[in-house]
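Subject: Structure handover

Hello,

Here is the structure I promised to pass on. Please open it first, then read my notes below.

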Amino acid sequence: MITVGILVCLFTLSSAFDDNFCDKDKVLCHGNFEIDNTIKHILYDVNPPEGFNLRRDVYMRFAIMLAKAKTNYVKNKYRLILPPWNNMYHWRSSTKASKPLPWRHFFDVTALQSFAPVVEFDEYLENTKSDYVQVDHLYVLQNFENPFENGVFEEKYKVMGNCVYNVSNDKIKVKEVICVKFQGKISKLWELIASNPKDTSVMFAHGEIPLHDSYGDALYWACRKSMVFSEPLVEAATKYMTDKLKCFVKMCTSYISIHWRRQDFARSRSKDVPSVTGTAKQIDDIVRNTNLDLNEVFIATDADQSELILLKTELKNLGYVVYYYTPTADEIQRYKDGGIAIIEQIICSHAATFIGTHESTFTYRIQEERELLGFLTYTTFNRFCPDKGECEQPSVWKFVE
């Protein structure tokens, strides 16, 4: 029998580009890094309050930017240095004081390299025998005050001159900092890079500001498929699904999953989220309306314990058995908060049906995983609605090869 974890990896890796960046004889591969003085480097950071799943999307913008440039000799000389994962706002366990984490803690870096020329920050330092990365120009991206001036969104940037910016990573040293007002697609950053052609390393602060060149096309999905989760996280999720939820196949039929975003969403978006009773009712309605012969619900949530107990009681009264991933102290230290969240996402991704939270990037990433796994649309693009009032249904972003 093939386990779920193996199926996930096989499905994802087999769909990567045929024209791979990563090859055992190339310098771009994980663990096979060599110094090449003709290679230039791009770095970026993201606004500190932004969460883990938005940062995954920002990575994709830069990775696609480099992948699209691989046919251009000059641009193809660039490699993306992956920014270590600092503690996120939502990482509130005892691991919050831990050191920045490399990407390999969460993702299979070799799979990332199958799509774009990327290298881990610590591996770059180790293999260049450097104590820090020297950046020639740091461009601090800022929004224009009025993006729709004269009623039209125009791609543009304006160099504002030298400014001050504190880089959070003390292993990055910058020669010159320049503030730039920017709006438009990420490929326009090549124009900024070209303005200083002698630079060997450039960095962009507020990497969340540039937009995707295109969202949801074949190149987007090729990048998304390359974001394979690290083996330990896949194994932990697989073990939970087999032991607790009795699922032994890629597309499970034994449980429904939900992402129930609370805390800041319940406070700031009260018109978009249901009450505890409303949540239980909507879960029951979807199970009944889709004729699902099951009574097990897996919950991924940031709700406090009192709310979770209330929801569990409501669902129990309706005949459901509730599951949620409760890591041990050892697992929290091993996987960290971000890894625990990914384990929950994997479990949600394989459920018979999924219900998410409106405009949550955590939900978006689960929907993407389910598209890659081949679930039917009606089982994936569902959201919790407020108890009363209008309820805009989720946008459907279909997988494109």
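**Disulfides and other cysteines**

Both Cys247 and Cys252 are buried. Here, buried means under 20% relative accessible area, exposed means over 50%, and partly exposed lies in between (1.4 Å probe, protein chains only).

A word on the source. This is a predicted model, in which local features need pLDDT of at least 70 and side-chain atom pairs count only at pLDDT 80 or more, while totals for chains, interfaces and linings use all residues. Residues are numbered from 1 along each chain as its sequence is written, and side-chain values use heavy atoms, with hydrogens and water left out.

Cys247 and Cys252 are joined by a disulfide, S to S 1.9 Å. The term disulfide stands for a pair of cysteine sulfur atoms within 2.5 Å. The torsion about this S-S bond of Cys247 and Cys252 is about -80 degrees, so the disulfide is left-handed.

How many disulfides does a search of the whole structure find? The search finds three.

Another disulfide joins Cys163 to Cys179, with S to S 2.1 Å. Cys163 sits in the loop between strand E5 (156-162) and strand E6 (172-183), and Cys179 sits in strand E6, so the pair ties together parts that are 16 residues apart in sequence. Strands (E, at least two residues) and helices (H or I, at least four) are DSSP runs, numbered from the N terminus. The S-S torsion of Cys163 and Cys179 is about 95 degrees, so this disulfide is right-handed. Cys163 is partly exposed, because its relative accessibility is 22%. Cys179 is buried, at 8%.

Cys385 and Cys391 also form a disulfide, with their sulfur atoms 1.8 Å apart. Their S-S torsion is about -70 degrees, so the disulfide is left-handed. Cys385 counts as buried at 15% relative accessibility. Cys391 counts as partly exposed at 24%.

Two further cysteines deserve a look. Cys223 is buried, with a relative accessible area of 0%. Cys348 is buried too, with a relative accessible area of 0%.

Ser349 is part of helix H11 (residues 329-349). Is Ser349 buried or exposed? Its relative accessibility is 1%, so Ser349 counts as buried. Leaving out residues up to four places away in sequence, Ser349 touches Ile366, Glu369, Arg370, Leu373 and Phe375. A contact means heavy atoms within 4.5 Å.

Two of these partners also meet in another way. Arg370 lies over the face of Phe375, at 3.9 Å from the ring centre. A charge sits over a ring if NZ of Lys or CZ of Arg is within 6 Å of the ring centre and within 35 degrees of the ring normal. Elsewhere, the charged end of Lys156 sits over the ring of Phe144, 4.5 Å from its centre.

A search of the whole structure finds 19 aromatic pairs. Rings of Phe, Tyr and Trp (its six-membered ring) pair if their centres lie within 6.5 Å; planes under 30 degrees apart count as stacked, over 60 as edge-to-face and the rest as tilted.

Take Tyr59 and Trp103. Their ring centres are 5.0 Å apart and their planes are at 50 degrees, so the pair is tilted. Tyr59 lies in helix H2 (residues 52-68) and Trp103 in the loop between strand E2 (78-82) and helix H3 (109-113), so the pair ties together parts that are 44 residues apart in sequence. Tyr59 counts as buried at 0% relative accessibility. Trp103 counts as buried at 1%.

Trp103 also pairs with Trp85: the ring centres are 4.7 Å apart and the planes at 45 degrees, so this pair is tilted. Trp85 and Trp103 are both in the loop between E2 and H3, 18 residues apart. Both are buried.

Which residues form one aromatic cluster? They are Phe52, Tyr59, Trp85, Trp103, Phe106, Phe107 and Phe229.

Helix H2 itself is mostly covered, with 16 of its 17 residues buried.

**Confidence**

The protein chain averages a pLDDT of 88, and 86% of the residues score at least 70. pLDDT is the predictor's confidence in each residue, from 0 to 100. Over residues 1-34 pLDDT stays under 50; the model has 71 contacts beyond four places in sequence for them. Where pLDDT is low, the predicted coordinates should not be read in detail.

Best wishes
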